[in-house]
Structure formats: C-alpha cells, structure tokens
Amino acid sequence: MSHKYYDEQFCEIQDCLVATLNSEPAQADRRENRQLLAGLYVRYITIANKLGTCVDQMVQPQKRLLLRKLLEATLGRILELKTDLVEADLSEWTHCGDILEDLRITPNDSELEIPACFRREREQEINCRKGVIDDVLNKLGFTDEVDERLPMSEQQAILVIQTHERARQGRLRAQFMKEIRSMKDKNKPVVTEESEGDEQQLGVNLAAAVKIQKIWRGYMARRATRRQKLQEMLLIGMIPPPKKRNEEIEKDLENQERRRQLQIQRQEEYSQDIKKIRSHLEKTQRGPVLEQLSDQVRNWFHEFKAQTGTIPEYTGSERSASRQMPSRQGTDSETSKSTPGSSKESKMTKTRASKSGKEPKAAEDVEDEEDWRCKAIVSTFAPELNVRKEEYEEWWRNKDESSNPRQHHYKHIIEHEQMTEMENELRKVVDEMMKAELMLLQDAFDKDRGHKSKKKSSKKSRKAMKKGKKKKEKDLTPDRTTQSLFEELVANGIIKRYPEVWMQDFRGERSFHPPAAHNRGKEPPFDLGDIRQVLTEYCVVPLLSARLHRNTPPIKSVLLAGPKGSGKDMLLHAICNEIGAVLFDLTPANIVGKYPGKSGLIMLIHLVVKVSRLLQPSVIYMDNAERPFVKKVPKTDRTDPKRLKKDLPKMVKNFGTEDRVILIGATNCPWESDQKLLQQVYQKFLIIPRPKYSSRYASSRILAAFGRDTPNDRIKYAIWTHLLNRHMPVSWKFDTSVVSKISDGYTVGSIVSTVKEVITVKRMLQLRIHPLSPLELVNALCKRTPVYKEEDEALELWWSKVPMVRRRLRAVEMLIEEEEEMMAKQANAKKK
C-alpha cells in the first residue's frame, strides 16, 4: 500500500470518528440507553482496528503520533463502554447481535484487534529480559546446550554433496542390476521333451501378455477420463483450484516490513530536529517570553490594586496564575471568603447529624447504589478525542502534501508545539516568581497600614499531608539492584519464560446472539471467541500503557475456570506475549521448598510485588487457584497449598492504579474451594466453554481454496481445519463435518493432541499415496477422556454462585416478585 492509501484511510477514520462523537450522550442511563451504548461500543472497536493498521504503517512521524494518541483514547473509551455494558446486562459477555445486524458487519469484524505498536515500542526491552532469563538458566544448567556448528566452506559443501550423490547413484545402479538379473532368469528357455509342450507354453505367455496389455490400457483410459472430469469441474467451479503461492500477498508483506523500517528512520530524524529546534528556541525566545509573561502578571497586580485598594489573592502553584488572569474579576474571590465558613457549617451539620443519631434506611442505600450503578461512566477519553479531532482539522484536513512525497516531518509544526510547551513551562516559573513578589508586596502594604504580619500556622497543612500520605511498605531489600532481584527470582523458578503464542492462535467463533435484559431469563450462550474478546478487554488492553491503566476501571485479578485441556495456559501465555509482560508463577507446586518459613514467605511476597512493580507490565499466575482456599487439604498433598491463603488478598488489595500488575488464576474444579475467600482475591470470574460446532467445523473445500492464512471469516477460527492444514494440505474430499460432529464433548486440548498423534512425519510422507481418513482421527480421539455430564453440572452450579451471576438472578427474582404483586393487585381489584 502507498502513502496516499493510508492518508485516505486516516481521512475516513476521522469522518467516522466525528460521526461517532456526535452521537455521544452527555449523560446516559446504562439500562435505558443500552442500545446507544452498544452501538458506540461496536463503532469504536471498528475505528480502533483501523487506527491500529494505520499506526502500524503510517510513515510520517507527526501524523503517526496523532494517530497513536487517537488510538489510545479510543481504546480507553472502549473499556469505559465495556464497563457500562457489563453493568447494564449484568453479564461479562457483551452480546451485540442486533447492532451487528444494523451495521451489517460480521462478529469477527466487531472483535477488538490488539494493536502491535505498543509492543514494538518495547521490543528491545522485552528481548533484553528474555536474554537475561536465558543466561541465568544456562548458568544453572536448566537448558539443553546446543552445539554451535561453524558454517561450511564452499569446498566442504561440494564434497558433502558429491559423497551423497555418488551413494545415491550406487544404490540406483545396484537396484537396476538386480532387476536385469531377474529378467534374465525369467527369459531363460524351458527345456521340454515334447514339442507340444513348447506350443502350449507359448500360448500361455501370449495370453498373459494380452491380459497385461488390456489392464494397462484400461488404467490409462480411466486416468485420462478422471483428469478430463476434474478439468471440467474446475471450469464450472464445482471444485476449488489447487492452492498456489500468491505473489501479491508476499509483496505486500515485504512492503509492510519495509514501511516499518522507514518509520524508524523518519522517527530518528524527527527526534533530532526536535532537539535542535528546542535548543534554538531556548537561546533566542526564552528571555523575551519570560519577561512578557512577568509584565502581564505585574500589570494585572497594579490594575487590581488600583480598582479595589487591596492586594489580590494568589491561587498557588497548583492553579497557574498566569493562565487564570483573563478570568479574574475586579473584586475579591467570593469562594475564598466562603470556604472557611462553609467548612465550619459542614462540620456543624455533621456533628448535629451524629448527635441526633438518625441514619438513612438500608432500603434507601440500596436504591441509591442501584441508581449509581445505572448511571454511565463520565468519560475521560471522549474530551481528548474531541481535542485530537480539532488538531486534525487544524493541521491535516486541508494540508497539501504534494511537495512531501517521502513523508518527512514539518518543521513549522515542531516550532509551534515546542513554543507552546516552553510557554507552559515558563508560566510555572513566572507563577513562582510572582508568588514571592506578591508576598513582599503584601508585607509592605501591611506595614504602610500599621498592621503586624501574621504567620500562617502550618498545622492544617501538616495534618493534610499526614492524611494524604499512605503507609509505605518496608523495603526488605533496599541495597539490591533490580537486576539482582530479577536474576534471583529466575534462578528460583518464580519468573518463567513462556512460549510464543498469540491471542489470535486461540481459535474459536464469536457468538451472534442479541442481548438479553438483565432481569429476564438466562444470559445468551457464548463461544470460545467471546472468551478471547473478554480477556483482550480485561487483561491485555488496560496493560498496554500506563495512561490506559490509570484512567480506566481497574481490574486487578481474573480467575479462569474450565475443564482440563480447555486452553487456560495458552490464554495466559498469549496475554503475556501481547503485552510483553514478566510472568511470575506462584502455583503452590512451584514454590514448594522455596523461601521456607514465615520470614521466607514474607521475603517471597516482597520480592514478587517489588519486582513486578519495577518491571511493569507484569502477570502473576497461579495454577490450581482453588488449592489455597480448600476446606480440607488431603494428607497425601505435600505442597502446602494454604501457604498463600492470607497473603493473596492483601497483595491484590495493595495494587494501585499506577501498578500495571494483574493476578491471573486458573482452575478446573473451583467448587472445591471456600467461595467467600476465593471471591475476596479474584475480581472477575470467567468460564471457558467447550468448543461449539461452529468453532470446530469449517468446510474443507473452502479451506483448500483459500489455504492456511486465508482472510475468510468463516474459517478463520475453525479448529479442526486449522490444525489439519498446519501439517498437510487438506483435500477437498476430506469430510471435516464427521470429525467435527463426533468431537462434541471434547476440549480443544483433546483435539490438538489427537491431530499430533495421527499426523506424524511418517504419515505425512504417505499422504500422496494413502490420503487421510476421518476414521483415523476418530479412533485416536476415542482414546481421550471427554468432559462428562457430572463435571459440566458441577461447573454450572459453581457458575451460578459467582457474584455477577448472583446479581443477575437476584434481578430476575425481583422482577418476578413485582409481576406477582401486580397480578395480585389486579385480581383483588376485579373481586371488588
């Protein structure tokens, strides 16, 4: 794609964003305006996906910076809308089938794609951490040493090829000589006593030759007919054509990589020019601007004193005086005068209320809480989107870029931005200077009037400082570097390296159901694609940047529940890869014998929390998450699972908005734990379903037509076809529907292990002669253990006790009670 194409995409995105911002409500009710919020949610997702592509490929650094800011604000708005929709539906799964139908888009188009730009910015840091982990593991001997072979010289390579070629020719010649000897033995004349025997033998040989000729001619005719039939079916489109390498796609991928390299080059040039222009402005413009701002503030002081005869109040450094000048009035601030009185009145009202002992009713509290939950979040990202929209309109909407075909940066924009930034910095300096001058002026004015200057007591400020301060956690390792702590945790197996998998590798279709009201019936069913979307919104996007994590509703911990083989570990590794996180493993079996005793446990928790905060973003993982909270530990269990029982809730509670750290737990039997304690640790509960038929099946004829990396939405997330096509080209005759239907009740892990068992290297070599049969996969699958009905029922029973589901059930019960009361009133009215 060219520069012009991405400029046009930028313009289209901006138009779509303007239309979406115009439909933003000032204040919305989550349940009454659910349709509007869901429409905004889907539209922002489509905008974010387009922005992610443009940020990845835009070369011009200033436009790319604006696009990245737009992308970050759009992602933040999506997370805000997600929180509103969760509270509106009382469900973690956001179903927008009606919105998708109105907008005429598929469920896969409405799935949020994780932008790669955030991870690419930290690529060097991530690779450095991986290198440290590998070095530590190599020193400890935990990795297999790979012998590094020196590259061959050209002469050595020729000798190896000659040796193998001579051996091959020798084997062929030996086989050829063996066939010649066998033919000579067959053609030897048979010595017979009578001539009649010779004639009879000649007739037998002739009949055999005729029979062989007949069979061979029939085979050739059938093969020619079969080929002709295939050509006719290809011509009329009854079967897909054979897959060929698409040169256009390969060229496009090469072009994308070339554009990324060009991005780096343009960004370096842009950064160098920023430094040059800033240093030039500091030398030439800093003094005049500082003097001009100081004169403005001084003139305002003199005007104020001339009009009122008093010295004006100073707002302080937190409210920039030089910025507040135009809004100042010619009289003293009424708010400053009324503040002490209002505070006293508020204290008096509080003491009166406490003395009277009257407290609001519990029912009113519940109603207020429900009203608060029904109100949508006041967005912090929508105003920024409006600011970025205005910036685009000012600089880029009508800009003629015909003179900049190579997409270099514009220096006049840099000068404007740096001048504005320098002015903002100088305003703070001016405020501090004016504050000191104002104090001197006030003292002189008081001396002229004969008043003694009173020193302001700093007791209140000290109390405020004490209240504002948090208790700092005691640092048990103040003299150690982050590098040494990191290496210690790697050596003890707490920090682990994870395999490279991505969220898109977790295959499965998304549901297309319309939403169900929060107080009517069961929530619609969900599929594997929905769990992928929810984890992206809860665990990936908030941790991409510090600003997103700080300004969006915080999610500190997530529990993944599902049967064995459902993909919990894979999802964890995908989350870590997408955000480039450090993985801490606090599984009970992993910390056995490490940091023993009470002091050792305190040190372990301290190290994990400290290093996770220093190396953000971080993921703390706990497998068998129910084990610390089981009611009774079996005697055969030597892992001491209750060791972290008391520390886990405290650790999660102490995570602040500035800490990009999340706890992820995984369990396949959550019903065995104490639910109250489990719910104190984990904030969100998610259940991984078994794959439905739509996720398991995709027509192999379509797959044969488009191949492994097809953009076709129908087969993008089909499990069987994806797995089979990784190992072999799936024939259009292979019936995927059979294995998809029979694999109902099995987890994704069972399907993956089945394909690995059947499609071996030896079997792949035999595919041309002996095509794969569905029966081979079915026989291997039958050896696996399916998810039985009892396990499903236990999981469903536990799911009904999850806080969000309990709230939904309570809302349904309240609606039924209200309907029954209304029916009873109507019946009584009829009787009267």
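Two strands are said to pair if DSSP finds at least two bridges between them. In this predicted model, strand β4 (residues 618-623) and strand β5 (residues 661-667) meet that condition, pairing in the parallel sense over 6 bridges. One of the residues involved is Asp623, whose bridge partner in β5 is Ala666.

These two strands belong to an open sheet of 6 strands, which follow one another in the order β1-β3-β4-β5-β2-β6 with mixed pairing. At the edges stand β1 (495-496) and β6 (684-687), and because each has a single partner strand, one side of each is left without a neighbour in the sheet.

We turn now to a pair of helices. The axes of α6 (residues 123-140) and α17 (residues 482-491) come within 10 Å and cross at roughly 55 degrees, and the two helices are therefore oblique to each other. Their crossing is right-handed. On the α6 side the contact is made by Arg129, Val132, Ile133, Val136, Leu137 and Leu140, while α17 contributes Gln483, Phe486, Glu487, Val490 and Ala491. Sorted by class, this contact has 8 nonpolar residues, together with 1 polar and 2 charged ones.

Technical notes. Residues numbered from 1 in each chain as written. Predicted model: local features only at pLDDT ≥ 70, side-chain atom pairs only at ≥ 80, totals over all residues. Heavy atoms only, no water. Axes fitted to C-alpha atoms, helices over the stretch in contact; angles between N-to-C directions. Helix = DSSP H or I, 4+ residues; strand = E, 2+ residues; numbered from the N terminus. Parallel < 35°, antiparallel > 145°, perpendicular 65-115°, else oblique. Left-handed = near helix turned anticlockwise from the far one by under 90°. Contact = heavy atoms within 4.5 Å. Nonpolar A, V, L, I, M, F, W, Y, C, P; charged D, E, K, R; others polar.
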